[in-house]
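This report is written for a reader who is meeting the structure for the first time. Please look over the sequence and the model before reading on.

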Amino acid sequence: MNSNKVAVLGFFSVGVLLLFIIVIVQDEGKVMEQISRASQRQVKKQGEETDKKIVESPEKFGNIISATEVKKFKKGKEFIPTNDPVLIEYIRKQMVGPSKEPLTLLQSQELDQSQEGQSKRVDEILHHKTGGFYVECGAATGERNSNSLFFDGVRNWTGLLIEADPKSYDAMLMRNRHAYSINSCLSPDNQTKAMSFEVAGERGGLESEQRAGPGGKGAANSAIQCFPIDAVLRALDVKHIDYFSLDVEGLEVAILKTFPWGTVTVDVWTVEFRTFKDSKMHPGLTRERYDAIKEVFDATGLYENNGTLPAAVPGGIPSMGGLDVVYIRKDFV
Ligand SMILES: *[C@@H]1O[C@H](CO)[C@@H](O)[C@H](O)[C@H]1NC(C)=O
Ligand SMILES: *[C@@H]1O[C@H](CO)[C@@H](O)[C@H](O)[C@H]1NC(C)=O
Ligand SMILES: *[C@@H]1O[C@H](CO)[C@@H](O)[C@H](O)[C@H]1NC(C)=O
């Protein structure tokens with residue numbers, strides 16, 4: 001054989017070999033593709049089976065809410081009726097029940113720690129009623145400045161404490177309040193959604209005495225779940241409240257506008273209206289909020305004004321110097 005023939009044969013052999021390799025690699029690709037399709041099918045099938053399993057045996061875990069639902073609640077883009085059973089069940093599961101131990105006050109043993117005599121005024125209006133039900137929204141730690149503590153510790157009431165700030169809420173749980181509680185905010189527009197909150201005011205102390213409220217200064221780093229008051233009250237099947245204390249650093253009017261006046265009766269309200277701007281009481285804004293609260297109560301036709309706390313200077317503007325305004329249900333008086 002001459003060298004030319006050897007070269008041609010060599011090239012031919014290499015060519016055939018390359019062809020074989022290409023065919024094998026292509027086949028390998030096809031096989032891999034087939035395997036991956038099959039495994040995808042299997043995963044999908046397994047997923048369906050898992051879903052089916054959960055649907056078929058809900059009793060195993062109770063009615064656990066799906067991530068889909070929770071996302072819906074947090075996004076707040078979808079309209080969720082306040083009587084939605086899934087929502088109400090979800091709210092109930094966020095609640096903590098009343099303590100079975102004696103009250104544990106950590107800063108003062110005083111049972112009336114309301115800031116401007118709210119507890120005393122309400123107690124007089126209600127003729128020292130025992131065994132009633134309160135709702136305090138903006139409950140903070142459930143001790144300092146608490147309007148409901150007196151009714152818990154002295155009048156043997158139970159109730160519902162609502163606090164948005166997680167630190168204050170955790171501190172509240174240490175007090176053994178004999179009330180249901182929930183770490184959430186009340187929705188200002190009747191919609192279930194998460195809202196960014198900022199810590200308002202800066203008071204000292206070993207634990208957080210601060211209350212969170214939307215707006216204000218500082219950067220918010222977490223969103224708090226807000227529920228409409230109607231849905232929250234449905235979660236506990238509450239139809240009557242003896243005393244409602246509302247103090248949420250600015251959202252009072254918006255929340256009041258969502259209140260289910262037709263289905264839930266409240267005998268006495270104290271609503272904070274004093275308004276601050278740049279850490280100073282702002283007379284114009286305070287007056288505006290006082291008037292806006294009055295407008296909501298007047299529109300219900302159910303309430304009469306019982307003045308402010310502290311009481312207004314005789315002949316003075318009712319809003320000036322006041323912190324809370326008191327409303328009493330006419331049918332109760
Ligand atoms: C709040 O929403 C519910 C439906 O989710 C509605 O029935 C109710 O009237 C609303 N209340 C107010 C005050 O808008
Ligand atoms: C306090 O209320 C509970 C029911 O909420 C009742 O069982 C208990 O007897 C009451 N105690 C007093 C001292 O009134
Ligand atoms: C508030 O209500 C109480 C009890 O009904 C009454 O005695 C008092 O005069 C009222 N005060 C004002 C300022 O309306």
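## Overall make-up

The structure described here is a predicted model. Its chain has 333 residues, of which 33% count as buried. The secondary structure consists of nine helices and 14 strands.

Among the contacts in the chain with a separation of 6 or more, 71% are made by residues 24 or more positions apart.

## The seven-stranded sheet

Seven strands form an open sheet with mixed pairing, in the order S3-S2-S1-S9-S10-S14-S13. Its edges are strand S3 (180–182) and strand S13 (303–309); each has a single partner strand, so one side of each is left without a neighbour in the sheet. On average, neighbouring strands of this sheet are turned by 15° against each other, direction ignored.

Strands of a sheet pair through backbone hydrogen bonds, in either a parallel or an antiparallel arrangement. Strand S10 (residues 265–272) and strand S14 (residues 324–329) run antiparallel and are joined by five bridges. Along this pair, valine 268 stands opposite isoleucine 328 in S14, and tryptophan 269 stands opposite tyrosine 327 in S14. Strand S14 also pairs with S13 in the antiparallel sense, over five bridges; here tyrosine 303 stands opposite arginine 329 in S14. Helix H4 (residues 118–125) lies across strand S9 (240–246), S10, S13 and S14, and runs at about 155° to S10.

## The three-stranded sheet

A further open sheet, of three strands, has the order S4-S8-S5 and mixed pairing. Strand S4 (185–186) and strand S5 (193–196) stand at its edges, and each has a single partner strand, so one side of each is left without a neighbour in the sheet.

S4 pairs with strand S8 (residues 223–227) in the parallel sense over two bridges. Within S8, cysteine 226 is the bridge partner of cysteine 185.

## The nonpolar core

The largest nonpolar core has 56 residues, and those that touch the most other members are Ile91, Leu186, Val232 and Trp269. Helix H7 (residues 229–235) gives the most to this core, with five residues.

## A loop residue

Asparagine 63 lies in the loop between helix H1 (3–56) and helix H2 (67–75). Asparagine 63 counts as exposed because it has 12 C-beta neighbours inside 10 Å, and a residue with 12 or fewer is placed in that class.

Asparagine 63 is 27 residues apart from tyrosine 90 in sequence, and the C-alpha to C-alpha separation of the two in space is 9.6 Å.

## Ligand surroundings

The residues around ligand 1 are Pro81, Thr82, Asn190, Asp230 and Thr258. By class, this shell around ligand 1 has one nonpolar, three polar and one charged residues.

Ligand 2 is surrounded by Thr130, Gly131, Asn156 and Thr158. The shell around ligand 2 has four polar residues, with no nonpolar and no charged residues.

Terms used:
Residues are numbered from 1 along each chain as its sequence is written. Chains are lettered from A and ligands numbered from 1 in the order in which they are written. This is a predicted model: local features need pLDDT of at least 70, side-chain atom pairs count only at pLDDT 80 or more; totals for chains, interfaces and linings use all residues. Helices (H or I, at least four residues) and strands (E, at least two) are DSSP runs, numbered from the N terminus. A residue is buried if 20 or more other C-beta atoms lie within 10 Å of its own, exposed if 12 or fewer, and partly exposed in between; C-beta atoms are placed from the backbone. A residue is near a molecule or strand if its C-beta atom, placed from the backbone, lies within 6 Å of it. Ala, Val, Leu, Ile, Met, Phe, Trp, Tyr, Cys and Pro count as nonpolar, Asp, Glu, Lys and Arg as charged, and the others, Gly among them, as polar. Two residues are in contact if their C-beta atoms, placed from the backbone, lie within 7 Å. Two strands pair if DSSP finds at least two bridges between them. Axes are lines fitted to C-alpha atoms, for helices over the stretch in contact, and angles run from 0 to 180 degrees between N-to-C directions. A nonpolar core is a set of buried Ala, Val, Leu, Ile, Met, Phe, Trp, Tyr and Cys residues joined through C-beta atoms within 7 Å.
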